Amino acid sequence: MNTFAIRPLRDYPKVTFFTVALNNSEETEWEKFYDRWIRNDHSKHSREMMALIARTGTLTTALPQYFRNEAVDGTETKGMPPRSREYAGNRLRLYCKVLSPHVVVTFGGGLKTRGGIRAQDCEVVKHHFAIANGISAVLDEELEKCTQIGLSADGKTLEYNHEDWFVFKPNYK
Amino acid sequence: MSRAEELFKEAEARVLPQDHEFVRLSLAVGDRIRQIMAEEGITQKVLAERMGKTESEVSRWMCGLHNLTLRNIARINVALPSPAMDVTTTAHVRTTEVPKSMTENVLPFLPSWDFDGVRFDTKKTDARIVSETPYSNVA
């Protein structure tokens, strides 16, 4: 059984970013992503992704055009950077779920294999993508029920309990 | 602060000014087109019709999928009430001093000339080549 809990990551003026911890672990997906893909990355790719996150959080809000749509089975999982010509050479992916223009939950990610293959077919990212899809589906359900996870009326605050662990099923479709 | 939050700050600190500028520019054109369309109440379909393009093609431009060449930007600028993208040009005067030996011994015997924005007045004792070129064209 797979479980996740929500953890705070960064509170910008316009967007609050969260991450998740899996299976009762103290370590979050962001920490794993940082340790694996950012800490020793000397390319521009992780820096550009961070600049994109900072711009989104500081100046704009989580506008749809700043994310790539990675939806599977209606989960509307998103990814960064956006599907844009400017970022065509950037294979680093960070999967996330945009809950509102002011709240984004980030998951894991990685350096996608060259050749334009789908995320679900890439050996590096498919596990992270499957987890992202599974958690996205649960977040959708929980926001619908509004019992353990909710958004404030203005969509700016995510209401959740730090101690709550939610069951999810990775979606490899 | 949790370790995740600390690492996020560390990742932020690695970003260079040019990375922020790249991101700003990469999103600017699409954002500007959207802004003008919203202000003027222009739909993607109307913009496509004005440009003689398909709606999906315009959609790709706005998502950054399509190569926004200068010709495409020109089409978009003409189709919108105000330009989505422009380059500020300022008249720039560049002067080139002519050696004194030339102004005294050679120029008095030559006619003044003016060609393609570049003037040469041989009748002036401090003869200089004066050109006015757009700032953007000056190296």
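**A walk through the cores of a predicted model**

Okay, let's start with A:F33. Leaving out residues up to four places away in sequence, A:F33 touches A:I38, A:M49, A:L92, A:R93 and A:L94, plus the glycines A:G108, A:G109 and A:G110. Keep in mind that this is a predicted model.

So what is A:F33 part of? The largest nonpolar core has 31 residues, and A:F33 is among those with the most contacts inside it, along with A:W30, A:M50 and A:I53. Which elements supply at least two residues each? From chain A you have α1 (29-38), α2 and β5 (92-100), and from chain B there are α1 (3-13) and α2 (17-40). Helix α2 of chain A gives the most, with six residues. As a general point, nonpolar side chains in soluble globular proteins tend to be buried together.

There's another core, apart from that one, with 24 residues, including A:V103, A:I135, A:L158 and A:F168.

Now back to helix α2 of chain A, which covers residues 45-60 and holds A:R47. Buried or exposed? A:R47 counts as buried, because its relative accessibility is 17% and the cut-off for buried is under 20%. Skipping neighbours within four places in sequence, A:R47 is in contact with A:H42 from chain A, and with B:R14, B:V15, B:L16 and B:D19 from chain B.

Last stop: A:T147, in the loop between α3 (126-145) and β7 (150-151) of chain A. This residue counts as exposed because its relative accessibility is 60%, and exposed means over 50%.

Note on methods
Residues are numbered from 1 along each chain as its sequence is written. Chains are lettered from A and ligands numbered from 1 in the order in which they are written. This is a predicted model: local features need pLDDT of at least 70, side-chain atom pairs count only at pLDDT 80 or more; totals for chains, interfaces and linings use all residues. Side-chain values use heavy atoms; hydrogens and water are left out. Helices (H or I, at least four residues) and strands (E, at least two) are DSSP runs, numbered from the N terminus. Buried means under 20% relative accessible area, exposed over 50%, partly exposed in between (1.4 Å probe, protein chains only). Contact means heavy atoms within 4.5 Å. A nonpolar core is a set of buried Ala, Val, Leu, Ile, Met, Phe, Trp, Tyr and Cys residues joined through side-chain atoms within 4.5 Å.
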